[in-house]
Amino acid sequence: MSEPGRLFLFAGYDKDGIIDDALVYYVSALSKYGDVIVCMDNDLKKSESNKLKPFTICVLAQKHGEYDFGSYKRCFQYARDKKILKNYDVIYLVNDSVFGPLHNIKKTLQDLESLKTDASGIIISKHKTHAFMESWFIRLNKKIFTSAWFDEFISNVAHEDYKSIITIKYEHGLTNLIKNNNCSWDGLYKCYGRFTYNNPKKLFKMGCPFVKKASFIRHNGSAGKQIKYVLKHADKNAMCAIMKTANRVYGEKYMKWLLTANPLKIILRNIKYAIQKLRKHEK
């Protein structure tokens, strides 16, 4: 059975305008299984954008302030206006809020496509009243991405002042729009609340090939032991690329502290986080 034609619409951002090792690794991994269009929500020097040139059909870069969905919009409009959407069976919305893939991504793609739904995400985030596909890795089939309603939705993405509005309007909004247009959707892993951020080790052992960047700095570094496990068991090239980027972004001193094997330091930072959480609830 032949592989489906895939197009990855990749949203990225770097405050320093750098295409770092982790991003190159991620995009190059995707390029083995489909075409990639990248849009960065920041300006880039040509020397930086050239790092992605071997792995993409286009690199767009301009500060637009519309976050990931604004980059998805620009990638989609590029493909639509170049009249290449018809060449693909599926498109993926993908962003760089995660590090990875931690191992070969082929099986994950096949698993997403084997669900036989109109849309599927790696993570379904479940809450008390609703569920939605986390927007950092979503598959859409032709029924969706060639529809007028999807074009209208993505083309009307605009700047919002608050992240909460972006989440409700676009991330939750996309899943609701898919449901309202009688399209089916599902996901590989059903997680509750902040599971994706707080349980990188469990998620990795479940088969997820990514770790959230937020896990590296969340809860006073209390996920450090889990992240150490994930990196130890990840593909060596992935681990090296992630560590180079993490050392640049978070600092070598912080990363050494985060990944410490000293049990006393681990216990102390977990106690510190527990105290902070208790004080927060008391306010």
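**Note on cores, salt bridges and helix packing**

1. Leaving aside neighbours within four places in sequence, leucine 140 is in contact (heavy atoms within 4.5 Å) with Asp89, Val90, Ile91, Leu93, Asp118, Ala119, Phe145, Phe150 and Ile178. The model is predicted, so local features need pLDDT of at least 70 and side-chain atom pairs count only at pLDDT 80 or more, while totals for chains, interfaces and linings use all residues. Residues are numbered from 1 along each chain as its sequence is written, and side-chain values use heavy atoms, with hydrogens and water left out.

2. Leu140, Phe150 and Ile178 have the most contacts inside the largest nonpolar core, which has 35 residues. Such a core is a set of buried Ala, Val, Leu, Ile, Met, Phe, Trp, Tyr and Cys residues joined through side-chain atoms within 4.5 Å. Buried means under 20% relative accessible area, exposed over 50%, and partly exposed in between, for a 1.4 Å probe and protein chains only. A second, separate core of 29 residues includes Tyr33, Val90, Leu112 and Leu203. In soluble globular proteins, nonpolar side chains tend to be buried together.

3. Leucine 93, one of the contacts of leucine 140, is placed in strand β4. Helices (H or I, at least four residues) and strands (E, at least two) are DSSP runs numbered from the N terminus. With a relative accessibility of 1%, leucine 93 counts as buried. Not counting residues up to four places away in sequence, leucine 93 touches Leu9, Tyr72, Ser135, Trp136, Phe137, Ile138, Leu140 and Leu174.

4. Axes are lines fitted to C-alpha atoms, for helices over the stretch in contact, and angles run from 0 to 180 degrees between N-to-C directions. Angles under 35 degrees count as roughly parallel, over 145 as roughly antiparallel, 65 to 115 as roughly perpendicular, and the rest as oblique.

5. Helix α6 also packs with helix α7 (residues 163-180), at an angle of about 170° and with the axes 11 Å apart. These two helices are therefore roughly antiparallel to each other. In α6, Trp149, Phe150 and Phe153 meet Lys169, Tyr170, Gly173, Leu174, Leu177 and Ile178 of α7.

6. The structure holds 17 salt bridges, each defined as a side-chain nitrogen of Lys or Arg within 4 Å of a carboxyl oxygen of Asp or Glu. Arginine 6 pairs in this way with glutamate 113, the closest N and O atoms being 2.6 Å apart. Arginine 6 lies in strand β1 (residues 6-12) and glutamate 113 in helix α4 (residues 106-114), so the pair ties together parts 107 residues apart in sequence. Both residues are buried.

7. Aspartate 96 and lysine 213 have their closest N and O atoms 4.0 Å apart; aspartate 96 is buried at 11%, whereas lysine 213 is partly exposed at 22%. In the salt bridge of aspartate 118 with lysine 143, the closest N and O atoms are 3.8 Å apart. Aspartate 118 is buried at 12% and lysine 143 partly exposed at 46%. A network of salt bridges links Asp14, Lys15, Asp16, Asp20 and Arg248.

8. A search of the whole structure finds zero disulfides, that is, pairs of cysteine sulfur atoms within 2.5 Å. The sulfur of cysteine 39 has its closest cysteine sulfur in cysteine 75, at 5.1 Å, too far for a bond. For cysteine 208 the closest is that of cysteine 191, at 8.1 Å, again too far.

9. Several backbone features deserve a check. The peptide bond from glycine 100 to proline 101 is cis, with omega near -5°. Asparagine 182 has a positive phi, near 60°, and is exposed at 67%. Histidine 219 also has a positive phi, about 55°, and lies in the loop between β10 and α10. Most residues other than glycine have a negative phi, and most peptide bonds are trans.
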